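Please look at the model first.

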Amino acid sequence: MASPLVAAYFLPLILFYIWSLRNSSLEADELKLMDVVLLASVDGRFHALNRTTGRMLWSMDEPIANPQVAVTDLKELVLSQHGGLRTTDEFSLDDFDDEPTITETYIIEPQSGAIFVSPVDSKCGDPLQKLPFTMQQLVDMSPFRIDHRIFVGKKRTSRITLVLGSGELVEVLDPEQPTRKRSFQSKDEDLLDELDHGALVHIERTEYHVSVYSHGQVIHTLTYLSYGPNNVDKELQDRWRRTPDNLCHQTTPDGSLLMFKIDEKEPFRSFIKLKHPTVAVFDTVSIADRIDPHILAQPTPALSDLYPSRLKELRKLSKQDKVAYVGRVGNSLYALSNDTFPLVIFSPLPGLPPTDPEHGETQQQVCTTLDCLTGPHRID
């Protein structure tokens, strides 16, 4: 007969296994799609839309009544130090104290963790190279060597809790940070009256940190954060391949978010504009026997579903080079590729640089600032 100590050890594992089986056996008709779409922008902040009307419910970009309280627990989703590139065109005496180390520039794509590289001596609009490994893979393989670069990484997780109806940041379960709280004003009181103001939504935040070494010195520090549903909802997420109402939301590099209903002849419905591009869209669902709503990452549709009347143009675009739009948040660069963000394919690619008539050489200069690399790039 098993001892009480053994039973106490295995009982939580057995209960978790039973609970996991129940979670994975949920059928689609047990999920109720809620009328709220949760958005996350590249600066790490959250926003919410009325799913039916497309109107903004609340946004962490809105001014607040008490400015002394800040959302300090919500970090930008890309935080990287780019060796050799200045943040502005302005020089200071410090720029001449030490000769800067000119290296390649690593640019991370939010949510996917893909890494794009701007080679040494890149000029404005030059193509980017895509590493064969994502941030997640580099951390899993750490320490890992590519040529003379050594990548050493780590990962940690935390949980963010919001009030779905108002956007109030309730807590961040992170051992390295204190909890902060903040309230936001809603623009759609009618919908909020229908919502349970106390309904909480939980978002898992995963941080990946990679240091790039060359000859024993750190030349780059790369940090990438992703948002997603709780790990226990992985089975549900794997089966969430199309929204029941056929609505989807797609971002553009300028911060616009377009709303489509892909079962209609002309799918485009409306759009909103945010301060920073949206990099994650979550459908909210309720489950009958659970108190709080759950989030599921919205599936990415095919371009042909979004623009069925432009199939000839889409076929032509599909034959051109892949595109990545490089943007800036704070002092970090990020990339949006058309593989992850389909509407980026419509970004105009840079043309050929002007030529010096006397020597026949291009007149472009090597990029020395972050802003020089922003804009659309081909991917080699």
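The points below are grouped by topic.

The model is predicted, so local features are taken at pLDDT of at least 70 and side-chain atom pairs count only at pLDDT 80 or more, whereas totals for chains, interfaces and linings use all residues. Residues are numbered from 1 along each chain as its sequence is written, and side-chain values use heavy atoms, with hydrogens and water left out.

**Largest pocket**

- About 820 Å³ of space lies in the largest pocket (on a 1 Å grid over the protein atoms alone, a pocket is an open set of points with protein on both sides within 12 Å along at least five of seven lines, and lining residues have an atom within 4 Å of a point; points are joined across faces, edges and corners, and the volume is the space filled by probe spheres set on them).
- Its lining has 34 residues, with Q111, Y227, P229, Q237 and A297 nearest the centre.
- The lining divides into 12 nonpolar, 17 polar and 5 charged residues (nonpolar: Ala, Val, Leu, Ile, Met, Phe, Trp, Tyr, Cys and Pro; charged: Asp, Glu, Lys and Arg; polar: the others, Gly among them).
- Strand 16 (278–287) is among the elements that each supply at least two lining residues, and with 5 residues strand 16 gives the largest share (helices, H or I of at least four residues, and strands, E of at least two, are DSSP runs numbered from the N terminus).

**Cavity**

- The whole structure holds 1 cavity of 30 Å³ or more, where a cavity is a set of grid points at which a 1.4 Å probe fits but cannot get out.
- The largest cavity contains about 40 Å³ of space, and its lining includes L49, G54 and H249.
- Strand 14 (256–261) and strand 15 (268–273) are the elements that give two or more residues to this lining, which comprises 6 nonpolar, 3 polar and no charged residues.

**Nonpolar cores**

- The largest nonpolar core has 58 residues, and F46, I160, L162, I203 and Y227 have the most contacts inside it (a core is a set of buried Ala, Val, Leu, Ile, Met, Phe, Trp, Tyr and Cys residues joined through side-chain atoms within 4.5 Å; buried means under 20% relative accessible area, with a 1.4 Å probe and protein chains only).
- A second, separate core of 13 residues includes A114, L128, A335 and C372.

**Hairpin**

- Strand 2 (residues 46–50) and strand 3 (residues 56–59) run antiparallel and are joined by 3 bridges (strands pair if DSSP finds at least two bridges between them), with A48 opposite W58.
- In this hairpin 5 residues lie between the strands, and G54 in the turn has a positive phi of about 80°; G54 also lines the largest cavity.

Note on methods:
Buried < 20%, exposed > 50% of the residue type's maximum accessible area, 1.4 Å probe, protein only.
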